[in-house]
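I opened my notebook to jot down what I looked up in this structure. Here it is, before my entries.

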Amino acid sequence: MHVVRRNGWEIPERLATPEALFLDRRGFLAGLGAAGALALSGQGARADDADPSAGLYPAARNPAYALDRDVTPEKYNLTYNNFYEFSTSKRLDASALKIRPWTVKLDGLVEKEQTVDIDTLIKAMGLEERLYRHRCVEAWSMAIPWTGFPLKKLVAFAKPLSSATYVRFETFLDKKMAPGQRSFMPWPYVEGLTMAEATNDLTFVATGAYGKPLSKQQGAPIRLATPWKYGFKSIKSIVRVSFVDKRPETFWETLGPDEYGFWANVNPAVPHPRWSQAKETFLNDGQLRPTLIYNGYGDQVASLYKGLEQEPLFM
Ligand SMILES: Nc1nc2c(c(=O)[nH]1)N[C@H]1C(S)=C(S)[C@@H](COP(=O)(O)O)O[C@H]1N2
Ligand SMILES: [Mo]
């Protein structure tokens with residue numbers, strides 16, 4: 001395979017596999033080897049012409065979400081992904097993901113359960129572009145132009161009851177389509193937020209990136225972007241959003257509760273049990289940068305955690 005060499009570009013690929021190493025150590029990857037290796041062959045072609053939402057992009061940029069750093073080149077974002085349903089490799093092939101028809105079920109503690117077609121939902125929500133940082137727990141980072149809508153719009157659309165205290169998100173489950181789901185891990189991938197987090201202005205649902213519908217490896221057709229939290233909170237390819245009154249049991253917390261917590265807020269001062277979080281490799285240039293508390297979004301989100309200081313907020 002042709003490998004692009006670029007200032008430090010190889011460093012993150014070599015360094016940034018601790019999530020996979022964790023699973024390997026526990027023997028969870030048994031049976032995934034062949035599928036993982038096969039998945040290295042392609043790049044997951046964009047389905048722009050097949051995607052009925054393509055005409056809605058690019059959307060107007062919301063100037064309130066600017067960055068102090070350049071956007072990561074799209075080709076890096078498309079070839080350096082975490083999507084364990086398809087492979088534990090960063091250079092994975094998600095082309096088998098079938099993104100239409102696609103529906104999202106809104107259920108649990110809501111006035112009325114609904115199953116919404118993705119294209120109906122996108123039209124109902126409207127689209128905007130925001131530039132966000134993205135910080136993986138593995139200590140690498142990017143800057144991504146997402147297109148989508150604030151999660152709080154979707155929450156309003158779902159009409160939760162006042163008894164709902166958490167939102168639970170679920171990815172598709174299809175072992176035939178996603179070879180990674182044949183391995184022993186707690187599929188489907190699940191994530192969760194408190195209602196306060198879910199309705200914060202910063203919490204974003206992405207349906208596109210780089211002025212186009214999401215590519216499959218980015219978690220098409222709908223994923224979360226919670227930029228003050230480690231990347232694993234930003235669940236991909238969502239099929240179900242449930243309003244609940246108990247803290248959801250999330251994928252990574254179930255796999256490794258000592259290493260991956262529910263809150264997962266970015267903090268340079270709290271190391272992961274196996275590595276420091278003080279710095280991160282910015283993939284644009286492969287250079288180390290200091291990690292920022294709440295990934296630089298403290299003004300917008302720190303207040304969410306008042307009174308919760310006894311919780312493991314930063315793992
Ligand atoms: N369903 C699902 N969502 C997921 C993951 C995954 O493996 N499966 N990986 C997470 C992790 S660890 C990260 S860092 C981001 C990566 O998003 P990206 O590939 O678009 O950069 O997706 C998150 N969402
Ligand atoms: Mo991650």
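**Ground rules.** Residues count from 1 along each chain as its sequence is written, while chains are lettered from A and ligands numbered from 1 in the order in which they are written. This is a predicted model, where local features need pLDDT of at least 70, side-chain atom pairs need 80 or more, and totals for chains, interfaces and linings use all residues; side-chain values use heavy atoms, without hydrogens and water.

**Around the ligand.** I looked up which residues surround ligand 1 and got 17, the closest being Tyr84, Glu85, Arg223, Ser234 and Lys236. To be near, a residue needs a heavy atom within 4 Å. I sorted this shell into 6 nonpolar, 7 polar and 4 charged residues.

**Polar contacts.** I looked for N or O atom pairs within 3.5 Å. Lys236 has a polar side-chain atom 2.6 Å from an oxygen atom of ligand 1, and Arg223 has one 2.7 Å from an oxygen atom of the ligand. Ser234 uses a backbone N or O atom instead, 2.8 Å from a nitrogen atom of ligand 1. Alone, ligand 1 exposes 530 Å², and the protein buries 99% of that.

**Rings.** I found 18 aromatic pairs in the whole structure; ring centres must lie within 6.5 Å, and planes under 30 degrees apart are stacked, over 60 edge-to-face, the rest tilted. Phe83 and Phe86 are edge-to-face because their planes meet at 75°, with centres 5.0 Å apart. Phe86 also pairs with Phe172, this time tilted, at 6.2 Å and 45°.

Technical notes
A polar contact is a pair of N or O atoms within 3.5 Å; within protein, one must be able to donate a hydrogen and the other to accept it, and residues adjacent in sequence count only if both atoms are side-chain atoms. Accessible areas come from the Shrake-Rupley method with a 1.4 Å probe; for residues, only the protein chains shown count as cover. Ala, Val, Leu, Ile, Met, Phe, Trp, Tyr, Cys and Pro count as nonpolar, Asp, Glu, Lys and Arg as charged, and the others, Gly among them, as polar. Rings of Phe, Tyr and Trp (its six-membered ring) pair if their centres lie within 6.5 Å; planes under 30 degrees apart count as stacked, over 60 as edge-to-face and the rest as tilted.
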